[in-house]
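Biologist: Can you walk me through this one? I am new to reading structures.

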Amino acid sequence: MIAQFFQIVDLGIKSLLVQKMRAGLAALGIFIGTSTVIWLVAMGEGVSYRAQQQILELGAKNVIVRTKEPNAGSEEEANSRVKAYGLLRADFRRIVENIPNINRAIPMRELKFELRLDDRTADTKLVGCTEDYLELNRLEIARGRWLSTRDRGEKVIVLASDTAKRLFPYENPIGRTIWVGSEFYTVVGQTKDRTASAAIGGSLDSRDYNLDAYIPIKTLRQRVGDLVMKRVGGGQGMNFVGEDVELSQITVEVEDIEDVDETAQIIETLLKKFHEKEDYAVVVPRELLRQAERTRTMFNVLLVVIAGISLLVGGIGIMNIMLATVTERTREIGVRRALGATRTDIIGQFLIETVVLTASGGLAGVLFGLSVGPIFRFVKKAVMTFSPDTLPPIVHELEPRIALWSVLLSLGISLGVGVAFGVYPARKAAYLDPIEALRHE
Amino acid sequence: MIRAQQADQPNAESFAFRVQDLRRTYFMKGETVHALRGVTFDVLVGEYIAIMGPSGSGKSTLLNVLGCLDRPTSGSYLLAGDDVAQINDYQLSRIRGRRIGFVFQSYNLLQQLNVLENIKVPLQYQGLIGKDANAKCRELAEMVGLGSRLYHRPTELSGGQQQRVAIARSLVNDPYFILADEATGNLDSKTTDEVLELFESLNANGKTIVMITHEDEVAERAKRVIRLRDGVIESDELNA
Ligand SMILES: Nc1ncnc2c1ncn2[C@@H]1O[C@H](COP(=O)(O)OP(=O)(O)OP(=O)(O)O)[C@@H](O)[C@H]1O
Ligand SMILES: [Mg+2]
């Protein structure tokens with residue numbers, strides 16, 4: 001039985017090798033189909049894996065409430081020079097006092113700020129935060145120390161890696177003083193490099209931690225204040241616009257991960273009472289995760305459909321070739337029938353020949369598909385060395401992840417295509433009249 | 001299949017086959033062609049028969065029926081006691097594979113296979129593959145004088161050599177008889193002679209052979225000559 005099967009497979013290979021070029025071209029369609037599926041799925045999985053990692057870094061147990069600039073209401077409002085909006089310190093108090101089952105709530109205020117030291121400057125994001133902020137965002141200290149409770153209201157500052165590099169390209173910044181606005185602050189620590197996290201709160205950019213500078217939130221309030229003047233336009237028509245924001249973000253950590261959605265609801269209801277405009281957003285990382293999961297599923301379904309179409313086209317090509325083969329080999333079919341082949345034998349022979357054809361295309365496609373990692377890295381590296389700025393940041397960080405299901409699926413489909421598109425030519429061969437077949441040519 | 005109730009002098013086992021009142025009519029648009037119009041004859045095991053007749057007399061039609069490639073319109077065809085005149089395609093295939101050896105005018109070897117593999121083809125359809133099968137094919141190739149060409153492709157052989165491979169192939173299943181349709185039609189006189197010698201020695205060893213030929217010199221070397229004309233037997237004589 002098995003020996004017989006191998007005999008037929010061997011015959012199929014021999015017959016295909018008679019017309020190498022033709023068989024190769026026919027299998028090419030299947031090859032491209034399978035390798036494309038594996039490649040695209042690997043890319044999609046790579047993207048969604050990164051997205052998920054970033055969302056997880058926001059904390060699955062967290063509810064994040066962020067200040068967001070409201071849409072301009074009346075014209076008068078739009079033209080006013082100072083806009084006051086966003087989360088209030090009162091909001092923070094209300095959350096801490098009214099929301100049950102929370103571990104902690106962490107307020108934060110961040111604003112664009114220029115730090116100076118002699119003639120060196122750094123455009124940083126100045127973050128006013130509490131002691132919890134380091135752990136909450138998985139930051140790590142490279143040297144010196146992090147802010148402590150004793151620093152509240154003090155003029156101390158912790159620099160992120162890139163900020164430190166700009167202000168102190170050669171020296172150790174710890175213990176040195178720098179200008180924050182018009183005041184001297186003492187540098188007490190420096191954080192390690194940290195990759196960007198997911199974009200939240202409507203902003204499309206992912207959060208880059210490396211150009212931060214951290215001071216106690218109390219110090220920020222007392223010494224910098226809530227009001228920030230922003231330069232709008234340039235040259236002669238230069239204008240200043242003020243923004244009055246108390247808090248940029250409140251991160252609420254719940255005790256039980258199952259309470260996340262409910263807590264987000266309660267916070268939403270609570271805040272609504274005190275905010276006329278929509279000047280805040282409640283973000284649930286867990287919900288983002290679910291959304292990412294849905295997007296991923298949709299993307300994969302789409303891919304499978306496209307793959308199905310491309311393999312269908314490949315299959316039609318295969319059928320075309322096999323019909324031509326059957327016509328060409330009519331005489332052979334007649335001879336085999338005379339020598340004792342039943343119709344089933346003939347069907348088996350041509351069906352297996354078709355499957356060998358598609359399976360070898362599919363197998364080659366899988367092998368090529370599996371090499372997506374090294375090839376992608378190589379191409380990325382080549383492009384980066386020749387023109388480093390052409391690649392969008394997402395590509396820099398993308399690592400293709402091969403999905404086992406895509407390999408199995410594309411192999412399965414290529415075998416299925418062989419069977420589906422091989423049946424008709426094979427039956428056609430089997431139902432030829434042996435006498436006419438023998439007389440052919 | 002019906003077991004024949006024959007009690008004639010030569011007992012049932014000694015017949016290679018018997019045909020009785022065999023008719024084959026082709027129906028075409030508005031026209032019917034009576035290719036065979038009642039052919040009756042018996043062939044004993046060990047006979048060597050040449051079938052002759054003018055073109056269109058029905059020789060090939062008869063051979064197709066005898067070879068179980070075609071079914072007669074009516075009449076009976078007893079093969080080793082079984083009437084195979086009206087059996088289905090699957091059973092016909094099995095009988096072709098087990099009981100009949102074909103030798104064609106144009107050799108009909110499979111181009112993608114070598115000599116040994118070509119000889120083996122009929123065995124594969126009987127599920128007989130393995131060491132024994134290989135040994136047998138090798139033996140047959142040696143018997144027809146191609147022991148040194150086992151791995152050659154048909155395109156690398158002369159016509160006479162190809163026909164000898166085809167004869168080896170026709171023998172591999174130990175068939176009841178060999179059917180040859182103008183097996184020497186494509187060969188020159190020297191190779192024709194070689195092939196006929198091969199047939200003679202096979203026949204001397206007991207193999208039944210039925211062959212169609214146009215040439216008197218070929219027919220002379222058979223033991224019995226049946227002449228067809230317009231679908232009926234005109235004469236049936238033993239060679240002196
Ligand atoms: N498939 C067919 N359809 C219709 N008529 C056929 C068919 N095959 C054979 N015939 C007719 O049957 C008759 C006998 O043909 P057959 O091929 O048996 O002759 P033959 O004796 O083998 O001739 P030749 O010596 O030329 O090979 C012819 O009249 C032929 O036209
Ligand atoms: Mg003929």
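**A shared site**

Modeller: Ligand 1 has residues from chains A and B around it, so the two chains share the site. Here a residue counts as near if one of its heavy atoms lies within 4 Å of the molecule.

Biologist: What kind of model is this, and how are things numbered?

Modeller: This is a predicted model: local features need pLDDT of at least 70, side-chain atom pairs count only at pLDDT 80 or more, and totals for chains, interfaces and linings use all residues. Residues are numbered from 1 along each chain as its sequence is written, chains are lettered from A and ligands numbered from 1 in the order in which they are written, and side-chain values use heavy atoms, with hydrogens and water left out.

Biologist: Which residues come nearest to ligand 1?

Modeller: Of the 14 residues around ligand 1, the nearest are B:Ser55, B:Gly56, B:Lys59, B:Ser60 and B:Thr61.

Biologist: Which polar atoms sit by the oxygen atoms of ligand 1?

Modeller: A polar backbone atom of B:Gly56 is 2.9 Å from an oxygen atom of ligand 1. For B:Ser60, an N or O atom in the side chain is 2.7 Å from an oxygen atom of the ligand.

Biologist: Back to B:Thr61. Buried or exposed?

Modeller: B:Thr61 is buried, with a relative accessible area of 10%. Buried means under 20%, exposed over 50%, and partly exposed in between, using a 1.4 Å probe and protein chains only.

Biologist: Where is B:Thr61 placed?

Modeller: B:Thr61 belongs to helix α1 of chain B, residues 59-66. Helices are DSSP runs (H or I, at least four residues), strands are E runs of at least two, and both are numbered from the N terminus.

Biologist: What does B:Thr61 touch outside its sequence neighbours?

Modeller: Leaving aside neighbours within four places in sequence, B:Thr61 is in contact (heavy atoms within 4.5 Å) with B:Arg24, B:Tyr26, B:Ala35 and B:Leu36.

Biologist: New topic. How many residues meet between the chains?

Modeller: Chain B puts 26 residues in contact with 24 of chain A. B:Leu69, B:Gln112 and B:Tyr125 supply 29% of the area that chain B buries against chain A, more than any other three residues. Buried area is the accessible area (1.4 Å probe) that two parts lose on being put together, summed over both.

Biologist: How many salt bridges cross the interface?

Modeller: The rule finds 3 between chain B and chain A. A salt bridge is a side-chain nitrogen of Lys or Arg within 4 Å of a carboxyl oxygen of Asp or Glu. One is A:Lys14 with B:Glu117, with the closest N and O atoms 2.5 Å apart.

Definitions and conventions. A polar contact is a pair of N or O atoms within 3.5 Å; within protein, one must be able to donate a hydrogen and the other to accept it, and residues adjacent in sequence count only if both atoms are side-chain atoms.
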